[in-house]
Amino acid sequence: MRTKIIKIAENNYAEALSEPAKALREGKIVAFPTETVYGLGAAWNNAEAVYNIFKTKGRPQDNPLIVHVAKQEDMKTYFAFWDRLAEALTKDFCPGPFTLIMPKADHVKSPVTAGLSTIGIRVPSNKIARELISLTNVGIAAPSANLSGKPSPTTLEDCVEDLEGKVEYIIDGGDCEFGVESTIVSWDGEVLKLLRPGAISEADIKAVLDRNSIDVELIDKTGKLLSEDEKPEAPGMKYRHYAPKAEVNIITGSNVEEKLDYINKIITNGNFDRIGLLISETLAACFRSEFSNNEEYNLIKNMVTFRKDERNQEAAHNLFKSFRIMDRENLDLILVEAVDEIGSGKAFMNRLRKASVKGDLWHENK
Ligand code: TXA
Ligand code: MG
């Protein structure tokens, strides 16, 4: 199959997207940008097209897909009920990097749920994604557009790398704004759980509940230790994820000296020849001034830096992107500086820990 790359010029959205929208209506699969990561989409109510997503990604069949809709109002039709809590959270966070999982309505029958009684819906804020959904005129089921196990794609190049020749269209949306997948929350009318951290933080969610005088506790399920036979709340949580080919190590330490010590120990141990760094600008400046004359400095083949902002947004934005860039350069080790778990920092550390785990299953603290 020849994959066509769709480029969008200013004010040319409807015209440029009409072909991929038609393809989606006809049961084809299309990769498209969102504000979080690129998605691999199919019409949610076309079972064959949805199965094709699983096949193309190499995704296990027990891992459900999120349905993307054009506006908050459209979410309601997929769920068994709609209440004050659902209204409050989605009013504030949709459109945006937020997915709500609730019991599904009876009429909802699709392999997107992987046999569960719940369904996850989100309203992307990315202009291309929204226009595509509106033109298609049906909800779009879409997991991240990576092949299973690889880091989620956040640039056109990442999508092309994984999907060229496998999908009809890839829509170019440039760099994704957030670079990590949406925050996932589940609500069954009684218990509210945070299943996956994203750019919308626990504090943001609690603030909305407070403002609306909704007295429900948000239970954090994002770092749960799973035993071998335990079923995770979000099936995708059990798989090794986000992992580049290179080994990933987390730079820990409570101050710059400790972090430099850690880096020094690793680069001088002789185990790695081609090393990449993803670190804050502050640490990078100190690293350069202390180490640039050392012989081992030559082992550093790539360095990506991020500004430490209040919500750790730039760190999160650069994480998957750096994994992909460094894999293209065949590095054998990627060292990543830990950040505080505030704002997108929790999502950053969650993805980073998973990427640094060896083996197939994700076990917190192991
Ligand atoms: O930002 C995002 O959410 C991106 C973009 C493309 O929208 N999508 C994304 O999809 O990250 P995916 O499939 O890579 O991750 C979805 C996660 C998986 O861990 C899956 O198990 C979980 O959501 N999930 C989906 N539906 C669920 C459900 N009904 N119950 C529990 N977990 C669910
Ligand atoms: Mg994914």
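Helix H8 (residues 256–268) lies across S12, S13, S14 and strand S15 (333–337), running at about 150° to S12. Helix H11 (residues 345–356) lies across S12, S13 and S15, at about 135° to S12. Contact means heavy atoms within 4.5 Å; axes are lines fitted to C-alpha atoms, for helices over the stretch in contact, and angles run from 0 to 180 degrees between N-to-C directions. Helices (H or I, at least four residues) and strands (E, at least two) are DSSP runs, numbered from the N terminus.

This is a predicted model, in which local features need pLDDT of at least 70 and side-chain atom pairs count only at pLDDT 80 or more, while totals for chains, interfaces and linings use all residues. Residues are numbered from 1 along each chain as its sequence is written, chains are lettered from A and ligands numbered from 1 in the order in which they are written, and side-chain values use heavy atoms, with hydrogens and water left out.

**Sheet**

- Four strands form an open sheet with parallel pairing, in the order S12-S15-S13-S14; two strands pair if DSSP finds at least two bridges between them.
- Its edge strands, each pairing on one side only, are S12 (247–251) and S14 (300–306).
- On average, neighbouring strands of this sheet are turned by 15° against each other, direction ignored.
- S12 and S15 pair in the parallel sense over 5 bridges, and Val248 has Ile334 in S15 as its bridge partner.
- S13 and S15 run parallel and are joined by 4 bridges; Leu278 has Val336 in S15 as its bridge partner.
- Strand S13 (residues 275–280) also runs parallel to S14, with 6 bridges between them, and Ile275 stands opposite Ile300 in S14.
- S15 is mostly covered, with 5 of its 5 residues buried, where buried means under 20% relative accessible area, exposed over 50% and partly exposed in between (1.4 Å probe, protein chains only).
- Leu333, Leu335 and Glu337 are buried on one side of S15, and Ile334 and Val336 on the other.

**Helix pair H10 and H11**

- Helix H10 (residues 313–328) packs on H11 at an angle of about 25°, with the axes 9 Å apart.
- H10 and H11 are therefore roughly parallel to each other; angles under 35 degrees count as roughly parallel, over 145 as roughly antiparallel, 65 to 115 as roughly perpendicular and the rest as oblique.
- The crossing of H10 and H11 is left-handed, a term for the near helix being turned anticlockwise from the far one by less than a right angle, with right-handed for clockwise.
- Ala315, Ala316, Leu319, Phe320 and Phe323 of H10 make the contact with Phe348, Arg351, Leu352 and Ala355 of H11.
- By class, the contact of H10 with H11 has 8 nonpolar, no polar and 1 charged residues; Ala, Val, Leu, Ile, Met, Phe, Trp, Tyr, Cys and Pro count as nonpolar, Asp, Glu, Lys and Arg as charged, and the others, Gly among them, as polar.

**Helix pair H4 and H7**

- Helix H4 (residues 84–93) and helix H7 (residues 202–211) pack at about 125°, their axes 10 Å apart.
- H4 and H7 are therefore oblique to each other, and H4 passes H7 in a right-handed crossing.

**Single residues**

- Ser201, in the loop between strand S10 (192–196) and H7, is buried, with a relative accessible area of 11%.
- Not counting residues up to four places away in sequence, Ser201 touches Arg311 and Gly343.
- Pro103 is found in strand S5 (residues 98–103).
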